[in-house]
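Subject: Structure handover

Hello,

Here is the structure I promised to pass on. Please open it next to this email and follow along as you read.

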Amino acid sequence: MPNLRDIKRRISSVQSTRQITRTMEMVATAKIKKAQERIESARPYALSMMEVLGNVARYVQGATHPLLEEHPERKRVAIIALTSDRGLCGAFNANILRLTEGLIRDAEAEGAEAEIIAVGKKALSYLKYRGVEPVAEYRDISDKPTFAHARSIAAQVISAYSEGRIDAAYVVFNRFKNVAEQKAEVHQLLPIERTVVDVDEEPLGPRPEYLFEPSPAAVLEKLLPMYVETLVYRALLESAASEQGARRVAMKSATDNAGEIITTLTRSYNRARQASITNEIAEIVGGAAALEES
Amino acid sequence: MAKTLLCEIVTPERILYTNEVEMVIAPTPDGESGILPLHAPLVTLLAPGELRVRYNDGKDVEWFAVSGGYLQVHEDKVIVLADAAAASSQIDVERARRAKALIEERMKELKERPADVAEEIASCVADLKWCEVQIKVAERRA
């Protein structure tokens with residue numbers, strides 16, 4: 001028969017766990033909102049930049065730039081894996097690491113080497129366990145990514161690509177679909193896809209005559225790296241929002257499960273209490289009967 | 001002067017400023033460019049420096065520090081896409097000075113090392129420039 005005191009202890013332990021998970025759920029809910037606002041406020045910049053890029057591209061027909069050139073051979077690819085610094089967020093990190101692992105294997109199958117830029121402590125500890133040395137690591141930024149972080153990450157792949165040290169760059173991150181849903185996705189950063197600069201001519205009608213200073217090519221030269229930076233920044237922001245979303249869902253189900261466990265435990269506690277009372281009565285009755293007989 | 005321009009200063013992190021203004025004076029690599037209403041469509045790079053807008057018949061001027069980026073003019077709308085920007089009233093001069101001192105120290109260290117640190121020095125120079133611009137703009141408000 002389960003011990004009454006043991007059951008009681010378990011109930012109170014589950015109760016305090018539930019309190020923690022409930023708090024974490026609420027914290028995550030509050031943070032999602034902030035993270036979403038940050039995504040929103042990054043949008044105007046990204047949109048205007050795409051617009052300018054489109055304009056410039058129309059003037060620089062058949063633009064050439066090191067970041068647009070596809071390298072003839074793929075010998076080395078860079079993979080930027082965006083994970084969180086903290087756990088307790090469901091499959092958030094596992095999904096990223098699985099995709100990253102897939103990319104590494106694909107690269108190896110082609111006979112190319114893969115290098116990893118790890119963002120977040122979870123990616124670091126996983127790589128360490130796998131025995132892979134990341135070429136660069138960033139931690140403690142997943143919560144509040146700034147543009148400076150994005151710039152520094154982007155600068156690495158940009159310079160490596162233009163110097164020919166890598167032949168492609170990808171970013172793996174969780175896309176924020178809505179508060180309850182994230183999707184781990186791979187995006188190609190480099191080479192920049194030609195669709196970005198190859199714009200259809202006709203549909204816009206008479207186009208305004210733009211002046212470019214110092215020259216269209218110089219503007220493009222500056223815009224393309226910024227485009228990559230903006231992509232990385234967006235991925236960082238989406239990942240931050242997704243992390244909170246994933247954590248909220250994970251903590252909600254943990255809270256619900258704790259509630260269920262408490263109900264079951266309370267039931268067995270009551271049953272055990274009832275059983276012990278019945279037992280005592282039986283003993284007393286038995287004892288009294290024995291006394292009467294004597 | 002009735003005609004105005006809509007000026008928007010946008011950084012990757014947020015929209016810093018929107019207002020109807022009469023003139024935008026922006027720092028470009030070839031010197032300052034003043035943009036008035038009815039300006040032809042233009043895309044230009046920005047140099048780190050001071051950007052100012054005038055409105056209210058030129059009586060009010062606001063100063064901004066920008067660290068570079070570019071500017072687009074289209075149909076009386078000026079969009080400034082700055083890598084980083086700050087309004088003169090929001091700049092923390094003390095902080096900028098401290099940052100400047102730190103960067104200068106770091107640069108000295110880097111220059112003494114024989115190793116290949118050109119990239120790092122370049123980024124230090126850019127940071128330094130940004131601090132200087134901020135300090136300069138902040139002094140304008142005095």
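Cys131(B) is buried, with a relative accessible area of 5%. The cut-off for buried is under 20%. Cys7(B) is buried too, because its relative accessibility is 0%. Keep in mind that this is a predicted model.

How many disulfides does a search of the whole structure find? It finds zero, over all chains. As a reminder, a disulfide is a covalent bond between the sulfur atoms of two cysteines.

Next, an arginine in chain B. Arg52(B) sits in strand E6, which covers residues 49-55 of chain B. Is Arg52(B) buried or exposed? Its relative accessible area is 16%, so Arg52(B) counts as buried. Its side chain makes a polar contact of 3.2 Å with the side chain of Glu32(B). Glu32(B) is also on the list of residues that Arg52(B) contacts, once neighbours within four places in sequence are left aside.

Now turn to chain A and its helices. Helix H1(A) spans residues 4-59, and helix H5(A) spans residues 216-293. They pack at an angle of about 165°, with their axes 6 Å apart. Why do H1(A) and H5(A) count as roughly antiparallel? The cut-off for that label is over 145 degrees, and their angle is about 165°, so H1(A) and H5(A) are roughly antiparallel to each other. Their crossing is left-handed.

Helix H5(A) also holds an arginine to look at, Arg247(A). Arg247(A) is buried, at 7% relative accessibility. Its side chain reaches the backbone oxygen of Leu88(A) at 3.2 Å. Leaving aside neighbours within four places in sequence, Arg247(A) contacts Leu88(A) along with Arg86(A), Gly87(A) and Cys89(A). Met24(A) and Ala28(A) are on the list as well.

One more helix pair. H2(A) covers residues 92-109, and H3(A) covers residues 121-130. They pack at an angle of about 50°, with axes 11 Å apart. That angle makes H2(A) oblique to H3(A). The crossing here is right-handed. Which residues meet? From H2(A) come Asn93(A), Leu97(A) and Glu101(A). From H3(A) come Lys122(A), Ala123(A), Tyr126(A) and Arg130(A).

Best wishes

How values were computed: Residues numbered from 1 in each chain as written. Chains lettered and ligands numbered in written order. Predicted model: local features only at pLDDT ≥ 70, side-chain atom pairs only at ≥ 80, totals over all residues. Heavy atoms only, no water. Disulfide = S-S within 2.5 Å. Buried < 20%, exposed > 50% of the residue type's maximum accessible area, 1.4 Å probe, protein only. Helix = DSSP H or I, 4+ residues; strand = E, 2+ residues; numbered from the N terminus. Polar contact = N/O pair within 3.5 Å; in protein donor to acceptor, adjacent residues only side chain to side chain. Contact = heavy atoms within 4.5 Å. Axes fitted to C-alpha atoms, helices over the stretch in contact; angles between N-to-C directions. Parallel < 35°, antiparallel > 145°, perpendicular 65-115°, else oblique. Left-handed = near helix turned anticlockwise from the far one by under 90°.
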